[in-house]
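Trainee: I am new to this structure and would like to learn how its features are read. Could we go through it together, one feature at a time?

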Amino acid sequence: MENITKTYNYGGVDWICETWIGASSMGIAHGENPIKFALPLLLLQISVVSLFSMFFQFLLRPFGKFAFLSQILAGICLGPSIIGRNKQYMSTFFYTRSMYIIESFEAICFLFICYVTTCQIDTHMIKRVGRLAFINGIKTGIVLFLIPFLWGQFTAVLISKRLGGRPAGVSPAEFHHVAIVQSTMFFQVVYGVLSNLKMLNTEPGRLALASMMVHDCLSWCFFMLNIALKHNTHLADKNHAYYLSAAQMLMIVMIVYVFRPIMEWMMKRTPEGHSLKASYLTVICVLLFISSLWSEFVGLPYFFGAVALGLATPKRPPLGTGLSEKMGCFIWYFLMPCYIIGIGYNMDLSLFSLGDLIRYEILFGMVRFAKVVAVALPSLYYNVPLWHAILVGFIVNIQGIYDVQIYKQNFNYRKISKKTFGAMVMSAMINSTILIVVVKKVYQTMSKRNPYKRRTVQHCRIEAPLRILTCFRQREAVRPVLDLVELSRPAIGSPLSVFALNLEELNNHSLPLLIHHTQEISPFVVPSPRDQIVKAFHNYEKTNPETVLIECFTAVAPRKTMHEDVCTIAFDQETDLVVLTLDAGMESWERLLCRNLLQTCPCSVALFIDRGRLPDFRFVPIKKLCITICAVFLGGPDDREMLAYATRLANHPSVELHVFRLLDQNGASPLRDMVERNHDMRVINVFRKENSENNIIFREVRIEEAVELMELLRKEGDDFDVMMVGIRHEENLLMLEGLSEWSKMKELGELGDLLISKDLQLSVSVLALHQ
C-alpha cells in the first residue's frame, strides 16, 4: 500500500496526516518494504543504536567505563551531524511517523528512569550521614542552590552586553533560561556517578549526597512555586488555577495515602528473601502510569508523578533497589536506545560557529565554577579539607541522562533552540567525561593512606594499650567478637581500646552511612537489631570499665567498597589490628572484602573463622574456664605478628597457649630467606625467654612434606579451641607444596584454608593474621 502523507495548516499549526498501513509487515516476499512499517523500523533502530553504543564502549574501554559518553556518541553518529547528512538515509530511517514513536518510547524510558532511581532515595537518611556531613550538607545545599542561579544570570548579562553579545539567533530570554537550566543539578546523577566510581561511602561522597538532597528539595519547591505563579498569572479564570492547585495536592495525597499502602501490602505478602510477583510488578507499573498521567492533567511535567511515586515507595526489599533489578534490563537495553535516537536526531553540529561555542562555554564554565565555589565556602568554614571540598565541587558538576532529558524537555517546549540544545548536550558530554577522569585520579591520590608509624601488634609496646577494630556482618557474630575481646583484655595495665564496626550491605538505603553510636539506648524504646548490637557492647564495657573501652560504629556501604569504611576507621583511630569475623562458608563478595582489607588496610588484619568452640564469657565465670589456643609458627612477618598477638592472649587467666614451631628434617627453619630466618630466630628467643614462667607450652615439630603437616593438624586440631596461623608464607616451601593448588579460601593462606577444609574435618576456630 502506498504511504500518502499530507500536511494541513489549521489554527496556525501544521497537521500531518498519514494513511495507516499497520504496525507490522507481511515481509519482502509479499512485496512490502518492512522499514515502512513502525515495528520493523523500531527494532532496526534499536539494533543499530545498540551496536554503535557497544562499538564506542569497546573503543573507550581502556580509559574506563563511560556509558553516558558512548551512548551520546552513538546518537550523534546516527543523527544529522554525521550519517544523517545523507538525505536518503534520513527520509528512510527518521521519517515523521517513526520519530513520533521514538519520542513516545523516549518519554517512557525517562519515566521509568525517574521512578527507578528515585525509589532508592530514603529522605530519612539525610540526618544519619554523620554530623559534619549533615550540617555542612544543609548549608552547602542552600548555597549550592542560590549561588549558581544568581551567578549564571549575572554571567548571561555580562556576555550579552560586554563580551560581544549572545550566540547568533539566540534571544535574551533564551540565553537567561539556558543559565537557569545549567545551574540545576540532580541527586540521581551524582548518586550514579559515585556508585560507578565506588565512592559512595567516602567522606567526599557523603558530603556530595547530603548537599544534593538539600539542593533537590529546594529545587522542587522552587519548581512547584514557579508553576503555581504561572497558573495564577496566565490563566484568566482564577477559579481554574485554584482547581489545578487542588488537583496537584490531591495527586500527592493519593500517592502517599493510597498508592503507598498498596505497595506496603505487596511487601507484606512477599516472603522475606523472595522477589516481587509479576502481578505485583504490573500493578506498580499501572500506578506509575496513573501518577504520570495525572501530572499531565494538572499542568505538571509527566515525570513529576514518577518522582513523587518513587519518593513514596517503601525502601525496604523487595521494593527500593529490588525494583531496579526487576526493571533494569527493560529500561537500559530496550528503552535506552530509543532515548539515544531521540537525542541524536535533534543534534546538528553544523549549526555552530566557533564564536557561538566560545560564548556558550563561557556561560557554562562560569556556572560550573560557581558550583565549586558554592561547595567550597561552607565546607572550608566547617574545616573540611580543601581538596575534599574541591572534589565535591567537581562531582556536583558531572552531568548525565537527567540533565540531557531536561534539555530535551526545554527544547520540546521551545524554551531553547536546536542550536542551544546541541551545545548543551555536547558540553555536558565532554565536561562530564573529563570530570569523571579527574575525580577518579584525584580521589585515588587522596585515598592513599600512609600511617606515620607501623601499626602492628608486634610493634605495639607491651605496656601500651592495644587498639583493635572488630568487624562483623550479622548479629550472631557479636558473641564470638566479645569472646575475642575478652581474651584480648589485659589483666593489668592500660585498658584495651575496642572499636566495634557493624557492616551492613547498602540495599535498604539510598545513602551510604557511617554512624558513630554515642548515645545510650533508651530502655523505653523497642530496640532495633542495630541497637541491640550496640547495647550488647555497652553492657560488656560496663562490666569491665577499667580494662576495656568500647566505641560502636555502623557502616552501610556497597559490597565492593565496604572495606573503605573499615580502612577509614582504622586509619583515623590508629588501630593496631583489624579483626574481621566470618563464617566458614564465605560468599564471593565476603572474600572480596577480605582481599581488599589485606591489600589496603593501614594496620594488621586478622580473619576470625568462628566454629562455636569459645564459651560465652558473659554468662560463665572466668575462673572455671580453660581456653586452649594453639599458635602454629612457620616463619615470616605474618607468623611473627601472629605470635605477638598470641602472647597477648596468653596473659588472660583462662588461656592456655601451645606454640608449635615447624622445622624441617634438619631441625632448621624451612625458610630460605636468611633475613627472615634471623628475624624469626630473634623473635622466638625473646618469646621463650619472656614466657618461660607463664602457662605456655612450646614444641618444635619436624615436618618434611605437606602430608605430615596434615596428619599433625588432623591429630592435634580438635584438642584446641582456637588455632592461630599466619596468612602469607615464603613461596615453594616443601612442607606446603601442593596445598595452594587445592586451596578454596586463598584469603586465609595455605594453613588457614587447610584448617577449615573438609579434608581434615576439624571443628576448631581459626584466627589467621596478616601483618
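**Two helices side by side**

Mentor: Helix H6 (residues 172-183) and helix H15 (residues 401-412) have axes that come within 10 Å and cross at roughly 155 degrees. Helices (H or I, at least four residues) and strands (E, at least two) are DSSP runs, numbered from the N terminus. This is a predicted model, in which local features need pLDDT of at least 70, side-chain atom pairs count only at pLDDT 80 or more, and totals for chains, interfaces and linings use all residues. Residues are numbered from 1 along each chain as its sequence is written, and side-chain values use heavy atoms, with hydrogens and water left out.

Trainee: What describes two packed helices?

Mentor: Two packed helices are described by the angle between their axes and the distance between the axes. Axes are lines fitted to C-alpha atoms, for helices over the stretch in contact, and angles run from 0 to 180 degrees between N-to-C directions. Angles under 35 degrees count as roughly parallel, over 145 as roughly antiparallel, 65 to 115 as roughly perpendicular and the rest as oblique. H6 and H15 are therefore roughly antiparallel to each other.

Trainee: Which residues of H6 and H15 meet?

Mentor: Contact means heavy atoms within 4.5 Å. On the H6 side His177, Val181 and Gln182 take part, and they meet Ile406, Tyr407 and Asn410 in H15.

Trainee: Is Glu174 buried or exposed?

Mentor: Buried means under 20% relative accessible area, exposed over 50%, and partly exposed in between (1.4 Å probe, protein chains only). Glu174, which has its place in helix H6, is buried, with a relative accessible area of 8%. Leaving aside residues up to four places away in sequence, Glu174 touches Lys415, Ile416, Ser417 and Thr420.

Trainee: How do helix H4 and helix H10 cross?

Mentor: The axes of helix H4 (residues 96-118) and helix H10 (residues 278-297) come within 11 Å and cross at roughly 110 degrees. H4 and H10 are therefore roughly perpendicular to each other. Where the two helices touch, Leu111, Phe112 and Tyr115 in H4 meet Ile284, Cys285, Leu288, Phe289 and Ser292 in H10.

Trainee: In what order do the strands of the open sheet follow one another?

Mentor: Two strands pair if DSSP finds at least two bridges between them. Here 11 strands form an open sheet with mixed pairing, in the order E5-E6-E4-E3-E7-E8-E13-E12-E9-E10-E11. Strand E5 (513-517) and strand E11 (696-702) are the edge strands, each pairing on one side only. From one strand to the next, the twist averages 20 degrees.

Trainee: Which helix packs on the sheet and touches E9, E10 and E11?

Mentor: Helix H22 (residues 674-690) does so, and its direction makes about 145 degrees with that of E11.

Trainee: How many residues of E10 are buried?

Mentor: In E10, 8 of the 9 residues are buried, so the strand is largely enclosed by the rest of the structure. E9 and E10 run parallel and are joined by 7 bridges, and Thr628 has Glu656 in E10 as its bridge partner.

Trainee: In what sense do E5 and E6 pair?

Mentor: E5 and E6 pair in the antiparallel sense over 5 bridges, with Ala555 in E6 as the bridge partner of Leu514. E4 and E6, in turn, pair in the parallel sense over 10 bridges, and Ser497 has Leu549 in E6 as its bridge partner. Of the 10 residues of E6, 8 are buried, so the strand is largely enclosed by the rest of the structure.

Trainee: Which residue has a positive phi although it is not a glycine?

Mentor: That is Glu574, with a positive phi of about 55 degrees, in the loop between helix H19 (562-572) and E7. At 31% relative accessibility, Glu574 counts as partly exposed.
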